Amino acid sequence: LLLLLEATLLQLVSGSHHPFYNGFYYNHMMNDMGNGEDKVDYFNGARLVVETSKDPVYSYSGANVTLPCHYHYEPDLGDKRKIRIKWSKLRDDYTKDQDVMVAIGKTYVAFGDFKGRAHIRQGSRHEASLVISDVHLKDDGKYRCEVIDGLEDENDVIDLRLRGIVFPYQPPRGQYRLNFHEAEQVCQDQGAILANFNQLFQAWSEGLDWCNAGWLADGTVQYPIRLPRKPCGGVHLAPGIRSYGPRHRHLHRFDAFCFSSTLRGEVFYLDHLDGMSLEEAKQSCQDAGAEIARVGQLYSAWKFLGLDRCNAGWLADGSVRYPIVKPRPNCGPAEPGVRSFGFPSKGRFGVFCYKER
């Protein structure tokens, strides 16, 4: 079925026989008699129009979301036509689009990570909306809704944005130690993904100021500056996102900007009177029916759940951090944020645990 759908679309989109255009619109297809003869339908002045939302659609990790898409003819043809619908996701690095779904009538096939999570909603006569369930972090981005009627092929693009938080990340071995692929992995290890430019820009507009350059999902290296200063591009440059442009994904090394969304569970703090080592901290979380929290989970709990704790705790990567929503004496700087003690080789602290609801 998959091969049939793809072959049909390829034949429709890139067939070698194109009729001479004389003011009519053509729909070239097999006739309904099934005898192998072709027929040509002529639509005098009819134009296929595809429309999606001009405003971004916002969602969050684990939710269900609908990306609206509708089509119509100008003038209206009246009868319902047999059309093909194709959804694809535009990649951050502008390489070939990622196939999401192909539908012909009531038959559809979803691809890759979208299998079992995506379907077409056709609640009205000319609707081709895409429904995605259990939204993943990587679902954030631009999507193309393409409608194919014979030789007519029109599309429009819609933006799906996840509500989340961007945080800079350095591994235990220090600054600028990650190539692009290692940066992808460390973000994944922390319950996050590499941020894209729109996510970094949103974080900058909300106050993120960070002077260390980090990888983004499109393979560029950038960093957000709110307060211009000499070590961060110079005092005479305006605030904004500083960019090194695309870097070599294997040879060049920087930090990472990770993106995490809302949580399905909760982050909570545990402590013993004399503190815990990292191994003891992991065991304490397990004893509580949870697991030691990852960095992305702590940031998400701080931003979306208001987690505020002036006690340092271990995290899964071996770092020690604590989240502050309401700054106060003896709890770090005067601004809200997630404070870090780095990666102590020894010491005894509490622990932040994460438990699914």
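Cys232 is buried, with a relative accessible area of 1%; buried means under 20% relative accessible area, exposed over 50% and partly exposed in between, for a 1.4 Å probe and protein chains only. Cys211 lies in the loop between helix 3 (197-205) and strand 16 (214-215), and Cys232 in the loop between strand 17 (220-225) and strand 18 (240-246), so the pair ties together parts 21 residues apart in sequence. Helices (H or I, at least four residues) and strands (E, at least two) are DSSP runs, numbered from the N terminus.

## Basis of the model

This is a predicted model, in which local features need pLDDT of at least 70 and side-chain atom pairs count only at pLDDT 80 or more, whereas totals for chains, interfaces and linings use all residues. Residues are numbered from 1 along each chain as its sequence is written, and side-chain values use heavy atoms, with hydrogens and water left out.

## Further disulfides

The disulfide count comes to five. With the bonded cysteines numbered in sequence order, the pairing is 1-2, 3-6, 4-5, 7-10, 8-9.

Cys69 and Cys145 are joined with an S to S distance of 2.0 Å, and -80 degrees about the S-S bond makes the link left-handed. Cys69 belongs to strand 6 (residues 69-74) and Cys145 to strand 12 (residues 141-149), so parts 76 residues apart in sequence are tied together. Cys69 is buried at 0% relative accessibility, and Cys145 is buried at 0%.

Cys285 and Cys353 are likewise bonded, S to S 2.0 Å, in a left-handed link with -80 degrees about the S-S bond. This pair links distant parts of the chain, 68 residues apart: helix 4 (residues 278-287) holds Cys285 and strand 25 (residues 350-356) holds Cys353. Both cysteines are buried.

Asn311 is partly exposed, with a relative accessible area of 31%.

Technical notes. Disulfide = S-S within 2.5 Å.
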